[in-house]
Amino acid sequence: MIAFSDTTAFRLVRRLATVGLDTPSLYLLISDAAEMHVIQADITAEVQVQLGVGFRALAAADVRVDRLEEVFTQDPVTPVTLITVDRWLPKLVAALDRNIVLLTTAGAVLLLANREVAERMLAKAPNLRNRVSDIVAIRPMRLLWGRWLERRGRTPAARTRSRRPNGSRVGRDVDRIARSAGMPTATRPFPPD
Amino acid sequence: MILAIIGEPPIHVAFANTAELTRGSQMALVGGIGSGKTTELLLTQKELSRHSDAVNIFADLADYTDLNETNPGAILATAGMRLYSRLRSQLNKAAKGLPEVVESAYMKLRELAFGKTSWIYEEEDYGYDPDHLVPVRSPGVMKLRFPALWPKVEEIQKLLLAIASPLLESDAQITLLIDGLDRLIQPEPFRQFAEQDLQALKGTKISVIIVAPLLLWYDRSRFLQDYFDLVKHIPAAAADPKHSAFLRQILERRGALELMDRGEISTIAKYSGGVLRDLLTLARSSAEYAYRDDEDRIGRSHINAAIKQLGNRYLAGLGNTHKRLLRGLIENGQFAIENSTARELLVNRQVLEYFQQRA
């Protein structure tokens, strides 16, 4: 099995910020199918906190093959697009491959897929493979940073427990934003992966 | 990227010369993904602009039409609409209007390109029912070299020529530079475009330079060589990193020495295999790894991480057959180009071709 380098939503979005949103970038993110919704939530929060821009999350099944130009029209309000490809959709992948220029002009495009789908995409979409800025294995932040955050009582769970016993969604979002603000910056070392 | 075999002009110069000397010539450019085909087209466009009467239309077809479906006529329609815009802006500057024939041709062309909605009465009787028509084919004695133009393509051709007529009458040198069709990967959809759109442009004095899928270069039917007046191939590797300092020079001229030592630059050049896109990817990824580690300079560990990451990208998605072929190439130096899987490896740049330069 090929081991791609690990990342988290925090690092990925920080990387987007480094490169700049005016530079087209296309990332293939590999994750376990069961964790996709957690990762999506992580990315949403990080984009809001770190970049302060709008964000579009699309399910691949909702993308119409004959309307790709509408999906990928450059929109200054939402320069980051996440497409979750949760199952193998050959027609969509072929369409993305042939119209790859649409993807690479739409700001930052993040394709989130499980390993099997990602490998099939790379095999069947040579143009896409070639234009991908990077392929990374993305993990939920609570898994990778768990102990470090737990020690500081900064995991979403720990903070939610301490503030809101019922752990409402609003509480979790507020918590995530607070946690992100307290995370390491470029001048402070990261916790070990 | 400027690729030149010693003794021959660079590709863009050869294309520009042919377009200027033989108006109406058709040329094809093939090369692996990321080999610099678009750059060559843009350089050709720049080269052609040396003459004041040059009308150069550069179009990435994917910007105009959905390449997911083969739609012959799309190249002609795109060319017609772009020529119309060019004419209109020229005449607007001179405060003149376009001839009526050009305006009406453009309106019809738009209708054919994007369709139209007509309002009709439901009960209208057309006098025949197309569902009940059955084709009866009587074979002729001659086999056409290329299939006949589709009626719609023929119609678009006439409209395009009507739009281009003011330019052609003034002896302007029109060149269409069409990018994007190499992304079709498979030769067959491209062949359909060529057999309709490009055939329709033959004899019109409008030159065409088109990017074609790399697989056609290896096609036994020699379609490219037979159909086009001039075919140029760009290898994916711009230079052999073992024998050329070209790649190192590129990085150094972009200021790499401010971020890394010469040893690191050589390593990046070596592991790029000579592919410019990979050279830049490796340099960029290494810089990102260094940034992540809060380092001011790119070190060996950052470059190694970037190389590993790029290598994994190339390995991902390969099946057993692909791997067997790669092993055969590494261990025995054997690589059967006739094999379709082997060609896939070439198209995807998992295998690179190096050409010895002629002295």
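In the predicted model, Met27(B) stands opposite Ile209(B), a residue of strand β4(B). The two strands concerned, β1 (residues 26–31) and β4 (residues 206–212) of chain B, pair in the parallel sense over five bridges. Both belong to an open sheet of five strands in chain B, which has the order β2-β3-β4-β1-β5 and parallel pairing. Its edges are formed by β2 (54–60) and β5 (230–234) of chain B, each of which pairs on one side only, and neighbouring strands of the sheet are turned against each other by 15° on average, direction ignored.

Helix α2 of chain B, comprising residues 37–48, packs on this sheet and touches β1, β2, β3 (173–179), β4 and β5 of chain B, with its direction making about 170° with that of β3(B). Helix α3 of chain B, which spans residues 74–93, lies across β2, β3 and β4 of chain B and runs at about 130° to β2(B).

Helices α9 (262–272), α11 (300–315) and α12 (320–332) of chain B each supply at least two residues of the lining, and α11(B) gives the most, with six residues. When the lining of the largest pocket is divided by class, 14 residues are nonpolar, five are polar and five are charged.

How values were computed: Residues numbered from 1 in each chain as written. Chains lettered and ligands numbered in written order. Predicted model: local features only at pLDDT ≥ 70, side-chain atom pairs only at ≥ 80, totals over all residues. Heavy atoms only, no water. Pairing = 2+ DSSP bridges. Helix = DSSP H or I, 4+ residues; strand = E, 2+ residues; numbered from the N terminus. Axes fitted to C-alpha atoms, helices over the stretch in contact; angles between N-to-C directions. Contact = heavy atoms within 4.5 Å. Nonpolar A, V, L, I, M, F, W, Y, C, P; charged D, E, K, R; others polar.
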